[in-house]
Amino acid sequence: MSAVGGLAWRALHALLRALLCLQRALLAAPRAWLRRRAAASCALLGPAARALAFPGAARGGRRPGRRRPGVRARGRADGRALQKLPLHVGLVVTEEEPSYADMASLVVWCMAVGISYVSVYDHNGIFKRNNSRLMDEILKQEQELLGLDCSKYTVEFANQDKADQVLNCQSTLKVLSPEDGKADIVKAAQNFCQLVAQQQRTYTDLDVNVLDNLLSSTSGFPDPDLVLKFGPVDSTLGFLPWHIRLTEIISLPSHQNISYEDFFSALHRYAACEQRWGK
């Protein structure tokens, strides 16, 4: 059978070479006759090339002048195609070695699909301690992935003195660490107790809205609608424990070398889920 298969392949290659020679000969023919014969030649060459599994022929080739849509155009279309889009997405890394380039890609993809608020968190506080490095990587990938539209997607680092440098900001970014979780709740409780001691509040005033206003780490941010957790640990490791009581959490194996398709698949899962708000 292997010998017969080898003979069949050699015969197909010989046929293809003959057809290519025929096509070259047709190029020297008169133009009117060439148009008629070239169509027949292409009809014969197409199936033969596909039978030999030529990559270009199998995909139909790429038309001259046409380019694949980039993240900029695809992101806008994908965002509109989703049944629902989260207003605030938390990107939680539980891995020991965070990747600035991959996290920057995730932030820029969030911007491209139209997500207004993004939180970045790792349990060691590496991103927060090195937020200038993360910002540089985000600005670099804005230019590479969003092209000339990057001015429309400028990202703001909240909790920094750079707000006056942000124009036409569509997406706002907070970089958080464990001190913005439980420690912030303790600080808010202490502040409320001081207000009670100063008779500016009574203990009966404490409710969800009051506590939300006392928490400084998420001032101006809505609660996360979606958390994308990266890594093998089945925990958010202290990420905003008060704010994620109604948050949808989707786990992904790693943020390193993550693709846009993986990111959008997670958004699609969120859009398809039914949130019953505890009912």
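A search of the whole structure finds seven aromatic pairs; rings of Phe, Tyr and Trp (its six-membered ring) count as a pair if their centres lie within 6.5 Å, and planes under 30 degrees apart are called stacked, over 60 edge-to-face, and the rest tilted. The structure is a predicted model, in which local features need pLDDT of at least 70 and side-chain atom pairs count only at pLDDT 80 or more, while totals for chains, interfaces and linings use all residues. Residues are numbered from 1 along each chain as its sequence is written, and side-chain values use heavy atoms, with hydrogens and water left out.

**The chain as a whole**

- The protein chain contains 10 helices and six strands; helices (H or I, at least four residues) and strands (E, at least two) are DSSP runs, numbered from the N terminus.
- Of the 279 residues in the protein chain, 39% are buried; buried means under 20% relative accessible area, exposed over 50%, and partly exposed in between (1.4 Å probe, protein chains only).
- Among contacts in the protein chain with a separation of 6 or more, 70% are between residues 24 or more positions apart; a contact means heavy atoms within 4.5 Å.

**Aromatic pairs**

- A pair of aromatic rings is described by the distance of the centres and the angle of the planes.
- The ring centres of Y100 and F127 are 5.4 Å apart and the planes stand at 90 degrees, so this pair is edge-to-face.
- Y100 belongs to helix α5 (residues 100-113) and F127 to helix α6 (residues 126-129), so the pair ties together parts that are 27 residues apart in sequence.
- Both Y100 and F127 are buried.
- W109 and F263 form a tilted aromatic pair, with 5.8 Å from centre to centre and 40 degrees between the planes.
- Because W109 lies in helix α5 and F263 in helix α10 (residues 260-272), this pair ties together parts that are 154 residues apart in sequence.
- W109 is buried, with a relative accessible area of 7%, and F263 is buried as well, with a relative accessible area of 1%.
- One aromatic cluster is formed by W109, Y260, F263 and F264.

**Salt bridges**

- The count comes to three salt bridges, where a salt bridge is a side-chain nitrogen of Lys or Arg within 4 Å of a carboxyl oxygen of Asp or Glu.
- E179 and K128 meet through their side chains in a salt bridge of 3.0 Å, N to O.
- This pair links distant parts of the chain, 51 residues apart: E179 is in the loop between β4 (171-176) and α8, and K128 is in helix α6.
- K128 also forms a salt bridge with D180, with the closest N and O atoms 2.9 Å apart.
- D180, like E179, is in the loop between β4 and α8, and D180 and K128 are 52 residues apart.
- K128 counts as partly exposed at 22% relative accessibility, whereas D180 is buried, with a relative accessible area of 9%.
- R245 and D223 form a salt bridge of 3.8 Å, N to O.
- R245 is in the loop between β5 (226-230) and β6 (248-252), and D223 is in the loop between α9 and β5, 22 residues apart.
- R245 is partly exposed, with a relative accessible area of 42%, and D223 also counts as partly exposed, at 27%.

- E137 is found in helix α7 (residues 131-146).
- E137 is buried yet has no salt bridge, and the nearest side chain of opposite charge, K140, is 4.4 Å away; Lys and Arg count as positive and Asp and Glu as negative, while His and the chain ends are not counted.
- Leaving aside residues up to four places away in sequence, E137 touches Y100, A101 and A104.

- The 16 residues of helix α8 (residues 182-197) should span 22 Å at 1.5 Å a residue, and the end C-alpha atoms are 23 Å apart, which agrees; the expected span is 1.5 Å times one less than the number of residues.
- D184, A188 and F192 are buried in α8.
- These residues cover an arc of only 80 degrees around the axis, which puts them on the same side of α8; the arc is that of the directions from the helix axis to the C-beta atoms.
- The face of α8 turned away from its buried side carries the exposed residues K182, C193 and A197.
- The cover over the buried residues of α8 includes α9 (208-214).
- After α8 comes Q199, whose phi is positive, near 60 degrees.
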